Amino acid sequence: MTSTVPAATEVADTLPPAEPGLSPRRLWPFVPAAIVLGALFLAPLSIAVAASLWRTSPSLQLIPDWTLDNFRYLLGQAGYIALFGKTLLMAVVVTAAGITVAFPFAYFLVRYVSRRWQRIVLLAVVVPFWTSYLVRVYAWQAILGSQGLLNGLLKELGLISQPVDVFLYNDVGVFIVLLYVYFPFAALTLYSSLERFDFTQLTAAQDLGARPDQALRRVLLPQIRPGLITACIFVFIPILGEYLTPDLVGGTKGILIGSDIISFYLGGSFPLMAATALLVAVVVLALLIVFRRYLQVEDLVAGGR
Amino acid sequence: MAESYSRREFLKIGAGLSFGAFLAACAGAASPAPSTGGASTAPSPSSAGSAAPSIKPVPSASPGPINFLTWSDHWGKDEIKAVKSSTGIAVNVTELADNIDGFNKLNQVHGQLDVVSGDALWVPKYYDAGLIEAVDINSFKVASELYSMARSFPFWTKSDGYLAYPWGWSPIQIAFNPKFVTPAPDSWAVLIDPKYKGKVVMERQPTDMMLFAGVATGAKDIYNMTDTELAAAKDWLTKLKPNILKLVKQNNETIASLASEEAWLGTQNLGSPDRVKKAGGPEIQAFVPKEGTTGFIDGEMTVKGGQNHDRVHAYIEAGATAEFVAQNFLDNGRPLWNEKAYTLLVNMGKKDQADRYLYNQPDLALKMQLKGPSGNTDAYIKAWQEVFGA
């Protein structure tokens, strides 16, 4: 019996010959991406790289002499290194706390709350985004201040007799507000991961002898790992560049490395500003590479080859 | 033709294209632009022979609001509203933190701003950089209301005109809450007293803070401190840091902190006791430290090539009248240069308040150590940053 299905080689013969290289006609679809990448990424990055390698005169005129002095200066100051370390630590702590709070929240929501109520609760999580970031952080000043809501509450409960000033203008204040600001990112990401999880697998695991914590660790967590890592990325990386929250609720004690970037800018030291920003960018890039090892983005999102 | 690209390929090609375009744009920018002719303005006498960049006014199709970069105590909502209704000129205010902040912003956006406020010796720096233009102070009708000395400050007088329209002046004082700060201080040393940990509020003005530190540590020339003096000033700032509750952007935030008693000490202009009281706060006192202090004489500078350049004159005519200036004094407390406003204040029964804040003694302004840029701003900023940015 002769097969009616053409052989693969026959099909290939009928196709037009492949064009060698990329002809201008084939480049057109890439123009929007080129514009976006060029205008919003490549050009600013190139300017930052160039500025970081220039210097300023004593009167702060930008002088385009190529030098690594700015990086040497930044990396030679123990204070800046310590601040960088503190920023990383703050990002780690807020991310860990965010995931710790967001995971049970999302788990409970997906597993035990009706679809209707899920929508209402998720709306409540998203509603703060309808107001400006600045307004939300200022609101926290009113909550955390020595005359604020939190002190009032603690006083009412008899836990303190005098207002305490441990919640504002220090690292505690920065931690609380960053946790609040980034909680929705972690919660929504984990929610969308957990929503796709088949919870009968946990029951099956326990039927087969697993303890509840084992079922959680060995069945649930591996399956929502991409969601967990994405949540980490969404929380951790923006905190490395945070400026407003430390500025508004951190005082002089709660600054992060982003505060230095803005201080150099306000002081007119553009090369140092650019160098600091690039050091942050390098750390972010390194972390993304590390995260990428654990997260196959193409498989998840793009279904790439 | 069926083709598919992986995400990686798509981004790679996109980045390649944009990089090519970027290089082409850089090459284009590097080559001299052909002369367009016709659109240029005649060079001013001062700029003709100087290295300052020539900036052409950008004609706007329909005049937009005047873009005014200034401090919170240079404008009022009522004033802006009244100017709009009387002249049709709307004003878009952006607040600036520091002279260096204003200088850098204007240096970047040039004609997108129309008026910028600046202090005493900073103003000539703007002029020398080609960012502002000199004006004929006597061409303003409202200038006749000024104290005569305000029309002839030597540091604002150039051969082609006057560098700024004078607004106000004040020495920088230390304000304190006598309920908590005892005995009454008379020195900068109170700011670094460990008793007042986390109780001091200052404006985030790196250069000015370095100048204060220079005065406090006895530097000979606070604008040109030697390495030893810089080290001493930095050391003083290091002692100050634990006492700082926060560094604010505008002086009205200092007033709010003193009013709420979250801060007990702060650097302020004249008039702070009344402002704090008006904000619902306690009785506070203020003093000029015995080691000396700096002070400002500020004014509004006309930006060279501002998009709404032609309307700046009319805005100042309408907004700097005695009525508005008197109200500004009542709101902000430090003396202003409009002499007619002083007469108005006297007629309003506010003579005591005006005299208490030296409104009737404008000659004192020129005895102050005026605010200005340092000869080595880079070193000043680095020293400040190593204390407060680490």
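**Figure 1. Chain A and its contacts across the sequence.** In this predicted model, 69% of the contacts in chain A with a separation of 6 or more come from residues 24 or more positions apart. Chain A has 16 helices and 2 strands. Of its 305 residues, 29% count as buried.

**Figure 2. Chain B as a whole.** Here we've got 14 helices and 14 strands. Buried residues make up 49% of the 390 residues of chain B. Take the contacts in chain B between residues at least 6 apart in sequence, and 76% of them join residues at least 24 apart.

**Figure 3. Where chain A and chain B touch.** Chain B puts 36 residues into the contact, and chain A puts in 40 residues. On the chain B side, α1 (7-30), α4 (99-109), β10 (244-248) and α14 (377-388) each supply at least two residues. The top contributor on that side is α1(B), with 10 residues. Sort the chain B side that touches chain A by class and you get 17 nonpolar, 11 polar and 8 charged residues.

**Figure 4. The two domains of chain B.** Domain 1 covers 62-169 + 296-359, and domain 2 covers 173-292 + 372-388. Taken over C-alpha atoms, the centres of domain 1 of chain B and domain 2 of chain B are 26 Å apart. Zoom in on where they meet: 18 residues of domain 1 are in contact with 16 residues of domain 2. The domain 1 side of that meeting place has 9 nonpolar, 4 polar and 5 charged residues.

**Figure 5. The largest nonpolar core, and another one.** The largest nonpolar core has 94 residues. Which residues touch the most other members of this core? They are A:Ala102, A:Ala186, A:Leu190, B:Val200, B:Ala233, B:Leu265 and B:Trp384. Helix α9 (residues 171-195) of chain A gives the most to this core, with 12 residues. Have a look at A:Ala102: leaving out residues up to four places away in sequence, A:Ala102 touches A:Phe183, A:Ala186, A:Ala187, A:Leu190 and A:Ala231. As background, nonpolar side chains in soluble globular proteins tend to be buried together.

**Figure 6. A five-strand open sheet in chain B.** Read across this open sheet of 5 strands and the order is β10-β9-β11-β8-β12 (chain B), with mixed pairing. The edge strands are β10 and β12 (285-287) of chain B, each pairing on one side only. From one strand to the next, the twist averages 25 degrees. Strand β8 (residues 173-176) of chain B pairs with β12(B) in the antiparallel sense over 3 bridges, and B:Ala175 stands opposite B:Ala286 in β12(B). Helix α8 (residues 251-259) of chain B lies across β8, β9 (200-203), β10 and β11 (265-268) of chain B, and runs at about 155 degrees to β11(B).

**Figure 7. B:Lys249, in the loop between β10 and α8 of chain B.** Why does B:Lys249 count as partly exposed? Because B:Lys249 has 19 C-beta neighbours inside 10 Å, while a buried residue needs 20 or more. Setting aside neighbours within four places in sequence, B:Lys249 is in contact with B:Ala97 and B:Arg204. B:Met202 is 47 residues away from B:Lys249 along the chain, yet their C-alpha atoms are separated by 8.7 Å.

**Figure 8. Strand β1 of chain B, covered on both faces.** β1(B) pairs with strand β2 (residues 91-95) of chain B in the parallel sense over 5 bridges. Within that pair, B:Asn67 stands opposite B:Asn92 in β2(B).

**Figure 9. Helix α12 of chain B and what its buried residues pack against.** In this helix (residues 339-347), B:Glu339, B:Ala341, B:Tyr342, B:Leu344 and B:Leu345 are buried. The packing partners of the buried residues of α12(B) are α11 (322-332) and α13 (351-356) of chain B. After α12(B) comes B:Gly349, with a positive phi near 80 degrees.

Definitions and conventions
Residues are numbered from 1 along each chain as its sequence is written. Chains are lettered from A and ligands numbered from 1 in the order in which they are written. This is a predicted model: local features need pLDDT of at least 70, side-chain atom pairs count only at pLDDT 80 or more; totals for chains, interfaces and linings use all residues. Two residues are in contact if their C-beta atoms, placed from the backbone, lie within 7 Å. Helices (H or I, at least four residues) and strands (E, at least two) are DSSP runs, numbered from the N terminus. Ala, Val, Leu, Ile, Met, Phe, Trp, Tyr, Cys and Pro count as nonpolar, Asp, Glu, Lys and Arg as charged, and the others, Gly among them, as polar. A residue is buried if 20 or more other C-beta atoms lie within 10 Å of its own, exposed if 12 or fewer, and partly exposed in between; C-beta atoms are placed from the backbone. Domain bounds come from an automatic or database domain assignment. A nonpolar core is a set of buried Ala, Val, Leu, Ile, Met, Phe, Trp, Tyr and Cys residues joined through C-beta atoms within 7 Å. Two strands pair if DSSP finds at least two bridges between them. Axes are lines fitted to C-alpha atoms, for helices over the stretch in contact, and angles run from 0 to 180 degrees between N-to-C directions.
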